[in-house]
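Please consult the sequence and structure shown below.

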Amino acid sequence: MEITFTHLQLAGALPPEPPRFGFDERLAAVAGAGGTGLATQVFELDELLATRSPAEVRALLDAHGVRFVELEAMYGWFAGDRGPEEALLRYAELFGVPRIKTAVLLLPPAVRPDADLLAERFAALCDRAAAAGTTVALEPVVVLPGFDHVAAHDLVRTVDRPNAGLLFDAWHVFRDPAGMGVVRSVAARHVAGLELTDGLATPKGGIYQDCVDERLLPGAGDFDLAGLLSALGATGADVPLSVEVLSTELRALSPAENARRTMAAVTSLLARG
């Protein structure tokens, strides 16, 4: 089973702070733990390509047996802003990145467009991504109001593009009362991936603090991850697995130790079936 790491898993910091650890160190950590993929962001690729050629970056990835599996993250399209996506799509094509993560983050005072306009803009985004050879992975986000699993599922079904699907983050699934219902009803063609993480049955602190500081390694908390994996498996989808455990404890560790503990937890979880 291929296990990949999101950008925030090993960054050692949360936005808007820059990563505490450089790309080379994080890449080595993923490879050392037996991972095969990692996510990156536009700013990181901008920095890498300021001093290295695309061929040199590819050679570095090949030397570690790791590939870029995701670009994070595309925002603004739902408001009609196409500016941020140009670099994402260019890099997806340049490095053959199979997936771009996106979400509808309705930060106040933003208002979600009506359903028809939102679907029109999402369909157009998916079509532009298809031209770059990449999938659009839409992540439901429950830490902010306005775009839960039901809304995200409705949008993906409405546009029904072959390169569009839902990216399920276990934390958001289990913090949304409708999360598992959507997981059980989603069509295989609408599944873009699963981010593994765990947590307590009751959020620790406020909901935002629980999301970014209090997550637990897979298998260390109360989430029914076995049930989640089983439900997604029952759809018949081939589900790419990644890990995103946002916690103050893991952010304090070196990338190598973070990756080692994370991979051990995921391997143990999957071995238990």
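## Salt bridges in the model

In this predicted model, a search of the whole structure identifies 20 salt bridges. Side chains of opposite charge can pair when their charged atoms come close.

## D24 and R52

A salt bridge joins the side chains of D24 and R52, with an N to O distance of 2.8 Å. This pair links distant parts of the chain, 28 residues apart: D24 belongs to helix 2 (residues 23–32), while R52 lies in the loop between helix 3 (42–51) and helix 4 (54–64).

D24 has a relative accessibility of 36% and therefore counts as partly exposed. R52 is also partly exposed, its relative accessible area being 26%.

## Pairs between strand 3 and strand 4

The side chains of R99 and E70 form a salt bridge at 2.8 Å, N to O. R99 is located in strand 4 (residues 99–102) and E70 in strand 3 (residues 67–74), so that distant parts of the chain, 29 residues apart, are linked by the pair. R99 and E70 are both buried.

E72 and K101 also meet through their side chains in a salt bridge, here at 3.8 Å from N to O. Because E72 lies in strand 3 and K101 in strand 4, this pair ties together parts that are 29 residues apart in sequence. Both E72 and K101 are buried.

## A network of salt bridges

Which residues are linked in a network of salt bridges? The network comprises E70, E72, R99, K101, E195 and E244.

Notes. Residues are numbered from 1 along each chain as its sequence is written. This is a predicted model: local features need pLDDT of at least 70, side-chain atom pairs count only at pLDDT 80 or more; totals for chains, interfaces and linings use all residues. Side-chain values use heavy atoms; hydrogens and water are left out. A salt bridge is a side-chain nitrogen of Lys or Arg within 4 Å of a carboxyl oxygen of Asp or Glu. Helices (H or I, at least four residues) and strands (E, at least two) are DSSP runs, numbered from the N terminus. Buried means under 20% relative accessible area, exposed over 50%, partly exposed in between (1.4 Å probe, protein chains only).
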